[in-house]
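Hi,

Here is the model I promised to pass on.

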Amino acid sequence: MSRLAKMSAMLALIVAVAVVTPHTTPFLLMLATRILILAILAMSLDLLLGFTGIASLGHAAFLGLGAYMTAILAVRFNIGLGWDFWLVMLCGILLGAATAAVFAVFALRARGVYFLMITLALSQCVWGLAYRWDSLTGGDNGLNLPGRPSFGPIHLGDDTAYFYLVLALFAVSLLLLYVFVESPFGRSLVGIREHETRMSVLGYNVWLHKYIVFIVSGAFAGLAGVLWAHVSSEVSPEDLTLTTSIDALLMVVLGGPGTLLGGVLGAVIVLFLREYLSTLVPWWPYVLGTMYIAVISWLPDGLLGTLRQRWRLAPVDAAPPGRLARAPDRG
Amino acid sequence: MDVHFWLLQVFNGMSYGALLFLLGSGLSLIFGVMRIVNLAHGSFFLLGGYVALSVIHFTGSWLLAIPIAALAIAIIGVAMERIFMRPLGGDQLRQVLLTFGFVLLFQQGALDIWGGDNLFINPPKVLARSLVFGGYYLPLYRIFLIGVAVTIGVVLSWVLDRTRVGATVRATVDDAQMARGIGIDTSRVSMATFGLGALLAGLGGVIGGGFLGVYPGLDSDMLPLSFAVVIIGGMGSLTGAAIGAIVVGLLDNFGQVLFPQAAYFTLYAPLVLLLAVKPTGLFGRE
Amino acid sequence: MTAKWFRLAGLPAILAALFTLAAPRANARDLTIGVLWPVTGPLAQIATDSINGFQMYLDEHKDNFHGATVKVIIADTQAKPAAAVLQAEKLIKQNHVDMLIGGVLASTGYALAPVSTREKVVYISSIAASDDLTQRDAAKYPYFMRTGWSSSQPEHPFGEWACQNGIKKVVTIAADYAFGYETVGGFQQAFEACGGKIIQKMWPPIGTSDFSPYISSIKADADAVFILPVGGAGPLQLPRQLQGAGIIPGKRLIGCGTAFDEFILPQMGDEVVGAVSALQWSAALQTPEAIAFVKAYRAKYGKVPSYFSESNYTTAMMIDEVMKETNGQWPGGEKFISMLTALKVNAPRGPVSFDDMRNPVQNIYVRKVEKEKLDGYPNPELWNVVTKTYPDVSQFWNYNKADYLKQPVYSRTYPPCDNCK
């Protein structure tokens, strides 16, 4: 498919979602909002996993930081409930990026599975702070936001309005990330993923590339965090546990790493099985677990990756993502 | 806080470390051979405890429960490795995430089979007492824990260092490609290692059931601690696992008394620094 | 037990549910109740006990509250506040429930109370006990109602009991979060007011399984240890480890009522015999209501009812009593709250009424764990035998309400531990 056709298909899909969702049920509308937010998180992780070939097990940390920052500003200082919401959003993005810049200094010293472990330990530190620093974070009780922002004629307290805001930010994120991975810089990331040694022989600064992509990833995850804080007007340490990080990884792997949209599909599946199926049957964890095992076992390229190959939609450079994450830890 | 306090704390920390060694040594071996992090390792621990409870329920024998539960978990581990992990080849990330699928299945399965109550594996009366001398109360069960861990550690290191089987495992840990080159069936080594790791975790679950109890959520309580053990010790090293287990046991004990405000932070922040300075842990190899 | 929940008729049902537009408004004679419990995950047994208690009352009354057909929709909170909020909003906006019940952890209670305010829907907390929900924050949540208890409520009388019964110096080991602070704070305030001394306070994190570092620092001159372990292995292990370290029976074992609740008591051993605690419920209560409830519950579910079960059974009873006054018509949220507040019921736990901040006024029982045969059951078992009853205890005990509300909520540092040096 040509780039133009792809872009217009995407646009059509987003418009369709925008038109249809508010006319379904209130629950679907709320669920769709959450899916879109976690889709931003999953796409930001795909940048690392699918395009650069490094798997982080600590992405919940950035989501949590963005969310806690938003909640603390709103609860303790009454900031971010009017027009200044946009400022808070910018701060959330910057906080995500800045934290990623610090984390990456530590994390990028490790490779492969060791990278998984160090990102895990880093995000557990953030969780520990959220849990223990009661005076700031409310500890185990978490924080209740006074409500969603409203500015001018727009009241985000209305679920439909908030859905549109999230959808718009999702679309912008998708576009920016798409431009990013299609840029020469993004191309060299794929080069690093495929042949790290060759790239560094060719004179690319591999470390710097990884460092920058980690920061970009952190920024988008921070944005997701700001939106997450307002989705249920509440943040708690539960939002940044190991499970959240694993969820994000699974979304990417289920959908198909290296596809951006795969993460979106993964978010749809995981949230549907977790939140929707749980309203119907109490044994939903079996379905979720079996789904993980089945997709990972039999669809190595994830759902979207497999579809792509079936329909030959894949651009020439899309390597079988099944091998993407091979840890080059044996030199 | 006098010298008595410190002596007692060292003893307590060591006994907790003994339990962590059973868990961490298996995780570490699995990592060394297969280069994967087994997220289901806590679930093996939990299932070991539950299977033991069932054995005790039907036979009344605690001694019988230990080998049966450990073997049952080993069989689950081998089956997992053969049927699900093996076909993924060397794709480590997908193997790691696959184990998480099993975490969900085991968790819900255990809840449905054994219920959500907080259960306890009563050890024989002999072990339930405390040794008293010089004003110290030393619970016999804790001494037993240390004894089991030391025995397992000695046997394992003898097998690894002195036997042919051990040599093939060590060769695979050092360089799997080379091992294959000289005719070692690394696929079978992987299977055996995963089974052994599961066995050790299951054994830990039975023994730990008389110390921590058996309850839903035990799996996710133990998992981060066993990670900490292998991160400190370095993955794939038995000595490392032993040292890591003692360090985590003591850190957990003293950290709670000396830095009560930062109980979680004291565990993870040093790990980050350690990993940043020496990404493969104290005794791990690239 | 959760029969209503197993109505899954396969994929078509899911698809139909997916594409249904907003569900039709329930029949005027229906009473739709959304209950939110952590059905999966580590707290699942609490969810089961709670659902069973509620369901037993419904079964006894054939799902009919004086003409209103009761429909219960169970939602899984997964013990995560964010999931609880989503499910609560779904129940309100899509299922048009008349009220919400549930939430185990304080964090869930604090997350759900604002939802009820925002959506003007009644939210009943039968378990979550955080003091301020019906104290300093009560005005913020006009649709919030508590049918269980507040954390410090049993501890005020218990503190007085302890100091009148020969306990002079107490060391506390309680879980490091709001529930622990409020429990210990309430006990300390009343205990020290009548002459007792708290000489050491320790706060192990939730989920602590090895308490040895705390146990070995217990001050030698204490004559009692007050415990409140929460999460994971702790509740079973702390008494055992106290015994293993030779602390008990040399010092007396006392604690929060939940530390010896029937939820955990059957799994405990002789180490807890003699342990004293206070709560609004004990399965060993020798009143006709309590005995009948225990026997019926045990026959139906094979377990001695915990306070989780009693609290939710009583909650169902209270709703039924309100519906009696309205002849089965849902009176609307505001009216329901005011009618429930004016209610007086004879629950298994005893007579219960409410104060004007929507918290129960009820008996607090001081209970001592004994191994004996009770209620005609054949084997000797551990029971919380009631040794003293404090009738009609409110969350303000015998303090002046206005003064009480002026002091800060109990915390890690309040009341200060003046005798800890």
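A quick definition before anything else: I call a residue buried if 20 or more other C-beta atoms lie within 10 Å of its own, exposed if 12 or fewer, and partly exposed in between, with C-beta atoms placed from the backbone. By that count, 57% of the 331 residues of chain A are buried.

Some housekeeping. This is a predicted model, in which local features need pLDDT of at least 70 and side-chain atom pairs count only at pLDDT 80 or more, while totals for chains, interfaces and linings use all residues. Residues are numbered from 1 along each chain as its sequence is written, and chains are lettered from A and ligands numbered from 1 in the order in which they are written.

Chain A has 14 helices and four strands (DSSP runs numbered from the N terminus: H or I of at least four residues for helices, E of at least two for strands). Its C-alpha atoms fill a box of roughly 55 × 40 × 40 Å along the principal axes. A compact globule of 331 residues would have a radius of gyration near 20 Å, so the 19 Å of chain A agrees (taken over C-alpha atoms; the rule is 2.2 Å times the number of residues to the power 0.38). Of the contacts in chain A with a separation of 6 or more, 76% join residues 24 or more positions apart; a contact here is two C-beta atoms, placed from the backbone, within 7 Å.

Now the partners. On the A–B side, 38 residues of chain A touch 35 of chain B. In chain A, α5 (112-132), α11 (242-255) and α13 (284-298) each supply at least two residues of that side, and α5(A) has the largest share, with 14. By class, the chain A side has 27 nonpolar, six polar and five charged residues (nonpolar: Ala, Val, Leu, Ile, Met, Phe, Trp, Tyr, Cys and Pro; charged: Asp, Glu, Lys and Arg; polar: the others, Gly among them).

Chain C puts 28 residues against 23 of chain A. On the chain C side, β3 (68-76), α3 (81-93) and α4 (106-119) each give at least two residues, with α3(C) giving the most, eight. That side divides into 18 nonpolar, five polar and five charged residues.

Which residues of α3(A) and α4(A) make their contact? From α3(A) they are F62(A), L65(A), G66(A), M69(A), T70(A) and L73(A), and from α4(A) V88(A), C91(A), G92(A), L95(A), G96(A), T99(A) and A100(A).

Cheers
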